[in-house]
Amino acid sequence: MRRFETGQTVVRRDVHRSGRVWSELALRVVDDTDEALVTACAPGAQARWPALYAQSRVQGDRSVRTEAFDAMATGEWELAAGVWQETDLLLWKPPTCWFSVNAFFAPDGDGRRLRNWYVNFEHPTCRTESGFDTLDLTVDLVVAPDLTRWEWKDEDEYAHVRRLGIVSDTEHQAVDAARGEVLMMLTERSGVFAQAERWASWQWDPAWPTPCLPLAVTTARREGAEERSGRSQ
């Protein structure tokens, strides 16, 4: 398996079963081992995500997120350029697991503090030349910085994507198993949580430039042209 070098820019993409890109985010590699690919980003990192999702962030209207999932079910959506804001993100992704473990660091005086852990349930990693592909399956687990408390998030959206058929029965079973795996990791302080103190003190390397999407503009234009061509036939 090809390894990525520390400090290298990689792209995390969420890819729909149709092959269409749902979102992408530029990251820097922190570490790449058999155990996990660890990446990070900071405010200003380039992203692309569904236009309706971007609209919901601006308006603070979660109902628009529901519209975004409805569009995903039909296979028809537009991507909009975005920028990562406010937090530093550290992302720990085991290659075969149906989840990633994320740590969010918020501003605190002149520095940053660990705001919370965040477990994102998603497809196992499929490596690409420029990074890795997965697919966010909507449901999440928010964990306190000291690992003593946690709560499930977006269960309503998960039920909605289940009804839409975005998450199949097979994927649902994998998510259920992954939920149990993550809860065991928290209870036993295993996996990434065995090194929670180490990761909690992590800081973005100031020598790293803000991550940018390679050929983001070219890709967007090409996809737009292909879509317009398809509609005109």
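Modeller: Let's start with a definition: helices (H or I, at least four residues) and strands (E, at least two) are DSSP runs, numbered from the N terminus. Thr-39, for instance, lies in strand β3, residues 37–41. This is a predicted model, so to speak of local features we need pLDDT of at least 70, side-chain atom pairs count only at pLDDT 80 or more, and totals for chains, interfaces and linings use all residues. Residues are numbered from 1 along each chain as its sequence is written, and side-chain values use heavy atoms, with hydrogens and water left out.

Colleague: Is Thr-39 buried or exposed?

Modeller: The words have cut-offs: buried means under 20% relative accessible area, exposed over 50%, and partly exposed in between, with a 1.4 Å probe and protein chains only. Thr-39 has a relative accessible area of 0%, so it counts as buried.

Colleague: Which residues is Thr-39 in contact with?

Modeller: Contact means heavy atoms within 4.5 Å. Leaving aside neighbours within four places in sequence, Thr-39 has Val-10, Leu-27, Arg-28, Val-29, Val-30, Leu-89, Leu-90 and Leu-91 as contacts.

Colleague: Where is Ser-100, and how far is it from Thr-39?

Modeller: Ser-100 sits in strand β7, residues 99–108. Ser-100 is at 1% relative accessibility, so it is buried. Not counting residues up to four places away in sequence, it touches Leu-91, Trp-92, Lys-93, Tyr-118, Val-119, Asn-120 and Glu-122.

Colleague: What joins the side chains of Ser-100 and Asn-102?

Modeller: A polar contact is a pair of N or O atoms within 3.5 Å; within protein, one must be able to donate a hydrogen and the other to accept it, and residues adjacent in sequence count only if both atoms are side-chain atoms. Here the side chains of Ser-100 and Asn-102 make one of 3.2 Å.

Colleague: What about Phe-105?

Modeller: Phe-105 is in strand β7 too, and at 3% relative accessibility it is buried. Its C-alpha is 8.2 Å from that of Leu-90, 15 residues apart along the chain. Among the residues that Phe-105 touches, beyond four places in sequence, are Leu-90, Arg-112, Trp-199 and Trp-202.

Colleague: How many residues has the largest nonpolar core?

Modeller: The general idea is that in soluble globular proteins, nonpolar side chains tend to be buried together. A nonpolar core is a set of buried Ala, Val, Leu, Ile, Met, Phe, Trp, Tyr and Cys residues joined through side-chain atoms within 4.5 Å. In this model the largest one has 44 residues, and Leu-90, Phe-99, Trp-117, Phe-121 and Phe-193 have the most contacts inside it. Helix α4, residues 169–188, gives the most to this core, with five residues. There is also a second, separate core of 17 residues, which includes Ala-45, Trp-49, Phe-104 and Tyr-118.

Colleague: How much space lies in the largest pocket?

Modeller: Rolling a probe the size of a water molecule over the atoms shows where empty space is left. On a 1 Å grid over the protein atoms alone, a pocket is an open set of points where a 1.4 Å probe fits, with protein on both sides within 12 Å along at least five of seven lines; lining residues have an atom within 4 Å of a point. The largest pocket holds about 1200 Å³. It is lined by 40 residues, and Tyr-53, Arg-57, Arg-65, Trp-84 and Tyr-118 are the closest to its centre. The lining divides into 15 nonpolar, 10 polar and 15 charged residues.

Colleague: Which phi values are positive in residues other than glycine?

Modeller: Most residues other than glycine have a negative phi. Asp-154 has a positive phi, near 65°, and is found in the loop between β12 (150–153) and α3 (155–164). Asp-154 is buried, at 8% relative accessible area, and its contacts include Arg-62, Arg-65 and Tyr-118. Arg-189 has a positive phi too, near 55°; its place is in the loop between α4 and α5 (196–200). Arg-189 is partly exposed, with a relative accessible area of 34%.

Key: Points joined across faces, edges and corners; volume = space filled by probe spheres on them. Nonpolar A, V, L, I, M, F, W, Y, C, P; charged D, E, K, R; others polar.
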